Amino acid sequence: MVAQLTVPGQSPGPSHHETLQPFAYNLSNTSKSSGISIGVQSTSTGREHRSARADVSRHRPEARPTSRAAARGISRVASRAPSRATSRSRSRAPSPSPLRSHIDLPNATVIPPPPSGGSQNTLALPETSTIPPTPESLPPVSVQYEEKLWTVLTIPRYDDCPTITPERADWLLEPVTLSFPTEGVPPDWTACTHPEGRLYFYHSGKRIFTDADVRDRKIKATLQAFEEVLESKIREQNLILPTDYELVLYLEERKISGGYNWLYYYVDHSTRSLFWVQEMDIIEEISEIGGIKQLSEIRNEIEAKYWLHCELYPYKHTIPEDVFADLSGMLVFASVDVVTSLTSTVTYRPDDVHRMVGLVKAAKAVAETQYATVVIARLMHLFLHQRYLNLYGQTHARLARDQSVYNTQKHSKTPLIILLAPLFWNAPHVHMRGLEKIWIDGIIVIQPWSSFIGKLQNEWQEFILYSTVLLNANVAFLAIPSVDTGTGQLTAAQISSYLSIVTSVGSILLGLLLIRQHRVKSRDTADEAWRFLSSRKHQTLGLETLAIIYSLPYALLMWGMVTFLLAFSFECFGTSDMVSVYATSGAWVAVALLVFWCVFTGWESGETSVWDRPKEWWARLFPEQDEGTTAGGRGSLAAGSMSEKTPRRWLARALGRVGFPHSSDPPLTEMHERASSTV
């Protein structure tokens with residue numbers, strides 16, 4: 001029985017997604033050329049074609065999102081999270097804990113003592129059979145065929161963590177036991193152990209890899225049914241598979257409703273790519289970069305997933321000599337680029353890249369082992385995935401870490417940060433520029449993020465120290481007899497000092513809270529940093545609220561200093577001694593000029609000049625008339641000038657048009673994408 005694969009709940013209307021045709025590749029990678037062709041077409045076809053196609057919905061029932069894979073920390077870059085769980089992705093939604101399945105050891109069999117003589121002790125041994133059971137002696141196993149086949153780029157191995165019961169098993173080891181094989185493996189399957197320790201299985205006749213435990217008869221029967229469904233689809237579509245292919249089958253257990261989600265992908269070693277026997281919504285699978293319109297733009301990501309497959313299943317996979325040369329060239333260039341460029345797209349430190357070069361040389365010495373396969377495949381996967389994020393090989397490739405590849409207009413800041421920035425001593429603008437430089441196009445690199453958080457923590461610690469000193473100064477100031485007269489009426493100096501105490505305490509509290517919340521942020525993975533910034537980004541305000549929060553300790557410290565100086569001034573100028581008043585006034589004027597000079601110099605040496613804002617306002621209030629307008633006639637020009645000088649137009653020009661600054665930013669999640677498409 002072969003189940004028909006349909007598309008439930010699909011609308012016949014047009015769609016903006018692209019679909020990868022069954023077994024369709026036409027891509028040349030950086031390591032070997034390809035001779036297979038890929039076809040990509042839009043899913044905006046008729047109802048008849050949609051109903052005949054396999055279900056490509058990306059939301060698998062009871063799929064396990066993960067945070068375990070991200071904690072492995074093998075990548076320094078993260079971008080948009082896909083809508084489903086994939087193994088070791090740097091951009092997936094977190095999960096409280098992975099779902100687990102239980103594997104119990106075989107039950108013990110008690111062997112009775114001989115009928116006469118011998119010891120009366122019983123011996124417990126594992127229940128094994130020297131003669132394998134024949135298929136006729138085994139009861140039939142019923143398998144429920146799945147109507148949906150889920151095309152994936154990789155399997156969620158690091159989300160599936162089977163467990164065993166902790167109870168003690170009563171069995172003894174036979175005398176002179178010298179061999180410890182994996183028991184119960186079917187004769188047509190081979191048990192393989194990954195260098196990390198995970199057991200997986202390989203069928204040499206059908207070239208199938210799987211993480212499912214084929215020693216379980218039900219799971220084995222399910223895999224057989226899975227493979228039969230794929231074979232029937234190949235026959236129905238008259239597909240011709242490449243000669244050097246492999247198939248990966250994965251059974252994702254549904255804990256609530258029961259059964260499995262059938263996940264699969266094919267691998268072609270000649271082209272170092274993946275393919276499927278049904279159409280695939282490839283844009284949904286690799287949605288980390290928006291605006292993908294060409295097959296060449298996904299070439300590096302497809303090859304990266306191929307090397308991830310080799311890393312997960314290294315059995316019978318050896319690294320060719322040209323791959324060692326390609327990877328060595330990548331690492332040598334990365335080492336030079338990260339040393340000579342401050343905005344390099346390389347996501348590792350120079351010392352890390354140098355160690356990788358040594359590891360590649362060491363792996364080449366043991367090239368025939370699975371350990372070398374895993375090492376080289378992991379590095380190839382990481383660097384090719386980074387190439388995909390940077391659109392390597394395209395005219396619009398990202399050449400610097402702080403460069404955006406999207407042509408979306410950079411909008412002005414919202415009125416919130418414009419109004420609060422002067423009250424907070426322009427600190428929100430500084431933090432906003434820092435956040436914008438480390439989060440470009442929804443992609444974050446862990447190295448600048450760690451540096452940014454480390455600097456913030458050092459600043460907050462300094463602000464706490466300064467606020468503590470200022471708090472002590474206020475307490476000492478209030479203890480002066482001339483300040484506290486004891487009449488019960490508060491003076492201006494006392495009120496100002498009280499305000500300084502409140503702002504100092506607020507700076508200390510906020511600094512302690514922010515340090516506590518960000519204590520381990522500098523050691524976060526790229527995925528965790530991405531999720532943190534995504535959760536803080538407002539659809540309208542963007543990261544402005546986060547920049548304002550980061551500036552609070554500094555702003556309150558500055559206001560505490562200002563109010564303390566104000567209280568000191570009230571005390572100095574409240575005396576009748578004119579000599580002290582004149583001396584204090586002269587000192588105040590000198591200090592004020594020095595402070596203004598310092599602020600003015602800082603503005604002039606920054607990204608913008610202090611005169612840019614007045615010039616911008618002047619240009620808005622009195623725009624230069626176009627020559628074509630003046631040529632049209634003096635009467636129209638005069639009428640236009642009179643209408644433009646109305647207070648309403650002046651106010652509109654001075655304030656600018658207020659809109660939604662971040663509404664056209666690249667969407668970060670599927671929900672945001674749907675929301676932005678309706679605006």
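A search of the whole structure, a predicted model, finds 18 aromatic pairs. Rings of Phe, Tyr and Trp (its six-membered ring) pair if their centres lie within 6.5 Å; planes under 30 degrees apart count as stacked, over 60 as edge-to-face and the rest as tilted.

Select Tyr200 and Phe209 to begin. Their ring centres are 6.1 Å apart and the planes stand at 50°, so this pair is tilted. Tyr200 is buried, at a relative accessible area of 0%, and Phe209 is buried with a value of 0%. Buried means under 20% relative accessible area, exposed over 50%, partly exposed in between (1.4 Å probe, protein chains only).

Next, select Phe226, Tyr245, Trp262, Tyr264, Tyr266 and Phe275, which ring pairs link into a cluster. Then go to Arg387, whose charged end sits over the ring of Tyr392, 4.0 Å from its centre.

Turn to the backbone. Most residues other than glycine have a negative phi. Val176 has a positive phi of about 55°; find Val176 in the loop between β6 (149–151) and β7 (190–193). Val176 is exposed, with a relative accessible area of 74%. Helices (H or I, at least four residues) and strands (E, at least two) are DSSP runs, numbered from the N terminus.

Finish at Asn426, in the loop between α8 (415–423) and α9 (427–438). Its phi is near 65°, a positive value, and Asn426 is partly exposed at 26% relative accessible area.

Residues are numbered from 1 along each chain as its sequence is written, and side-chain values use heavy atoms, with hydrogens and water left out. Local features need pLDDT of at least 70, side-chain atom pairs count only at pLDDT 80 or more, and totals for chains, interfaces and linings use all residues.

Notes
Lys NZ or Arg CZ within 6 Å of the ring centre and 35° of its normal.
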